Amino acid sequence: MVDWVRLELHVDTFDDAAFEPRLGRARESGIAFTTMAELGDTPAHRRALYDLNRTCSADIPDRGAFYTYDEYLAQRIEVPTFSAEGVVLATLEGEWIGMSTTSLHPDEGYAFSEMTGVLAPHRGRGLSLALKLLAIRFVRSAGYERLITFHHPRNTSAIAMNRRLGFVDPSAERQPG
């Protein structure tokens with residue numbers, strides 16, 4: 001059994017300005033950012049999101065088999081916590097090359113970062129960080145203060161990117177110092 005790394009960000013104290021240059025550089029290089037809400041939550045876009053998510057998830061250590069398309073719809077999209085506004089996409093010349101999906105959990109009082117990923121040929125350019133910045137802005141605009149995420153402990157690049165943004169282990173915050 002894997003001991004997942006749980007991280008949390010308080011979006012109300014997050015400083016966007018420190019990361020804005022990454023977003024600017026991505027845009028200057030031809031990357032566009034949009035959301036599933038802006039594009040339309042259509043069957044074709046749901047299939048494209050599934051394909052992108054499946055491809056990006058393949059690199060997660062011990063991920064195992066990805067959902068079937070019907071399972072993905074039932075467990076990730078056709079649920080009350082899904083928000084098309086929370087699906088941020090990076091595109092290059094119309095091709096979907098990166099994603100960050102965030103679900104909203106009003107009963108628990110937090111947003112959850114479901115997945116942030118970039119296709120392998122486009123990695124190393126700060127796109128994950130730019131996508132996550134836009135996801136954080138979505139969470140804040142939706143009125144949430146906390147954004148939570150989980151990572152396999154060997155997914156070190158994702159953990160490092162989230163820590164760079166200010167995500168912390170919530171149990172470490174509560175311990176007396």
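Student: How many bridges join β1 to β6, and in which sense do they run?
Tutor: This is a predicted model, and in it β1 and β6 run antiparallel, joined by six bridges. Within that pairing, L7 stands opposite T149 of β6.

Student: And which sense applies to β5 and β6?
Tutor: Strand β5, residues 110-118, pairs with strand β6, residues 146-151, in the parallel sense, over two bridges. A111 has L147 of β6 as its bridge partner.

Student: What is the strand order of the sheet?
Tutor: The order is β1-β6-β5-β4-β3-β2, which makes an open sheet of six strands with mixed pairing. At the edges are β1 (5-10) and β2 (31-35), each of which pairs on one side only. On average, neighbouring strands are turned by 25° against each other, direction ignored.

Student: Which strands does α5 touch?
Tutor: Helix α5 packs on the sheet and touches β1, β2, β3 (87-92), β4 (95-105), β5 and β6. The direction of α5 makes about 35° with that of β4.

Student: How many residues of α5 are buried?
Tutor: The helix is mostly covered, with 11 of its 15 residues buried. Among them are L127, L129, A130, L131 and K132. The buried set also includes L133, L134, A135, I136, F138 and V139.

Student: What span does α5 reach, and what would one expect?
Tutor: From its first C-alpha to its last, α5 (residues 127-141) reaches 21 Å, close to the 21 Å expected at 1.5 Å a residue. Just after α5, G143 takes a positive phi of about 90°.

Student: Which strands does α6 lie across?
Tutor: Helix α6, residues 156-165, lies across β1, β5 and β6. The helix runs at about 25° to β1.

Student: N162 sits in that helix. Is N162 buried or exposed?
Tutor: N162 counts as buried, because its relative accessibility is 0%, below the 20% cut-off.

Student: Which side chain does N162 have a polar contact with?
Tutor: The side chain of N162 is joined to that of H151 by a polar contact of 2.8 Å. Leaving out residues up to four places away in sequence, N162 touches L7, K132, T149, H151 and F167. Of these, K132 belongs to the buried residues of α5, and L7 and T149 are the residues that stand opposite each other in the pairing of β1 with β6.

Student: Changing topic: where is P170, and what does it contact?
Tutor: P170 is in helix α7, residues 170-174. Apart from neighbours within four places in sequence, P170 is in contact with R6, L7 and E8. P170 is buried, since its relative accessible area is 2%. The C-alpha atoms of P170 and D107 are separated by 19 Å, and these two residues are 63 apart along the chain.

Student: Next, the other helices. At what angle do α3 and α4 pack?
Tutor: Helix α3 (residues 43-57) and helix α4 (residues 69-77) pack at about 100°, with their axes 11 Å apart. The two helices are therefore roughly perpendicular to each other, as that class covers angles from 65 to 115 degrees.

Student: Which residues make the contact?
Tutor: On α3, the contact is made by P43, R46, R47, L49, Y50 and N53. On α4, it is made by Y69, Y72, L73, R76 and I77.

Student: Finally, the loops. What is the phi of E93?
Tutor: Phi of E93 is near 50°, a positive value in a residue other than glycine. E93 is found in the loop between β3 and β4. E93 is exposed, because its relative accessible area is 79%, and exposed means over 50%.

Student: And where is P153?
Tutor: P153 is in the loop between β6 and α6. P153 is partly exposed, with a relative accessible area of 34%.

Note on methods:
Residues are numbered from 1 along each chain as its sequence is written. This is a predicted model: local features need pLDDT of at least 70, side-chain atom pairs count only at pLDDT 80 or more; totals for chains, interfaces and linings use all residues. Side-chain values use heavy atoms; hydrogens and water are left out. Helices (H or I, at least four residues) and strands (E, at least two) are DSSP runs, numbered from the N terminus. The expected span of a helix is 1.5 Å times one less than its number of residues. Buried means under 20% relative accessible area, exposed over 50%, partly exposed in between (1.4 Å probe, protein chains only). Contact means heavy atoms within 4.5 Å. Two strands pair if DSSP finds at least two bridges between them. Axes are lines fitted to C-alpha atoms, for helices over the stretch in contact, and angles run from 0 to 180 degrees between N-to-C directions. A polar contact is a pair of N or O atoms within 3.5 Å; within protein, one must be able to donate a hydrogen and the other to accept it, and residues adjacent in sequence count only if both atoms are side-chain atoms. Angles under 35 degrees count as roughly parallel, over 145 as roughly antiparallel, 65 to 115 as roughly perpendicular and the rest as oblique.
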